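Subject: Structure handover

Hello,

Here is the structure for you to look over. My notes follow below it.

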Amino acid sequence: MKDKTPSTEMAPLEALVGEWSVEALAPWAPPSDLRGRTVFEWMTGGTFLLQRWEVPIDEAPDGLAVIGRIPQDNAGYLQHYFDSRGVARVYSMTFEDGVWTLSRTKADFSPLDFAQRFTGTLGDDDRTIRGGWELAHDGSTWEHDFDLVYTRVG
């Protein structure tokens, strides 16, 4: 088997590795017991972290993300996002002191119809991440979109 140990630069993301149940809490959607599933795993060589997710409702896309270091920035990562709708995006990402951030404020593979950002906090027990997505249609006025709760299952 080839080594899947993370590189030194990617090692801070080890806290995400594993299987998680994901619950979305949205003010615009009725409460539901439907939970998605996401898995983080190292790509061979440990220089990229893969994230795969499935959501058991048609309105939410399944997808894949590839996370890697920003070569010229020792403090950040890029998340290359692809989903079942055919959407492809690039998010700037950080993970420091248990706080995970994602941000998309400029066009990339897709036009920028709205800006997005996510902030999630890893619980003290490393078994939960509580966070929320925001969006800005004008690029500067941020509004809450929905919350996510990740619970480690494996």
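Start with strand E7, residues 99-104. Its covered face holds Trp100, Leu102 and Arg104, and its uncovered face Val99, Thr101 and Ser103. Strands here are DSSP E runs of at least two residues, helices are H or I runs of at least four, and both are numbered from the N terminus.

A word on the source. This is a predicted model, in which local features need pLDDT of at least 70 and side-chain atom pairs count only at pLDDT 80 or more, while totals for chains, interfaces and linings use all residues. Residues are numbered from 1 along each chain as its sequence is written, and side-chain values use heavy atoms, leaving out hydrogens and water.

Neighbours of E7

E7 runs antiparallel to strand E6 (residues 88-96), and five bridges join them. Two strands count as paired if DSSP finds at least two bridges between them. Met93 stands opposite Leu102 in E7. E7 also pairs with strand E8 (residues 115-122), again antiparallel, over six bridges. There, Thr101 faces Thr119 of E8.

Two positive phi angles

E6 and E7 form a hairpin with two residues between them. Asp97 lies in that loop. Its phi is positive, about 50°, although Asp97 is not a glycine. Asp97 is exposed, at 80% relative accessible area. The classes are: buried under 20%, exposed over 50%, partly exposed in between (1.4 Å probe, protein chains only).

Asp126 is another non-glycine residue with a positive phi, near 60°. Asp126 sits in the loop between E8 and strand E9 (128-136). With 39% relative accessibility, Asp126 is partly exposed.

The whole chain

The chain has ten strands and zero helices. Its radius of gyration is 15 Å, close to the 15 Å that the globule rule gives for 154 residues, so the chain is as compact as a globular protein of that length. That radius is taken over C-alpha atoms, and the rule is 2.2 Å times the number of residues to the power 0.38. The C-alpha atoms fill a box of roughly 45 × 35 × 30 Å along the principal axes. Of the 154 residues, 39% count as buried.

Contacts are next (heavy atoms within 4.5 Å). Among those between residues at least 6 apart in sequence, 34% join residues at least 24 apart.

Last, charge. The chain has 14 positive and 25 negative side chains. Lys and Arg count as positive, Asp and Glu as negative; His and the chain ends are not counted.

Best wishes

How values were computed:
Charge placed at Lys NZ, Arg CZ, Asp CG, Glu CD.
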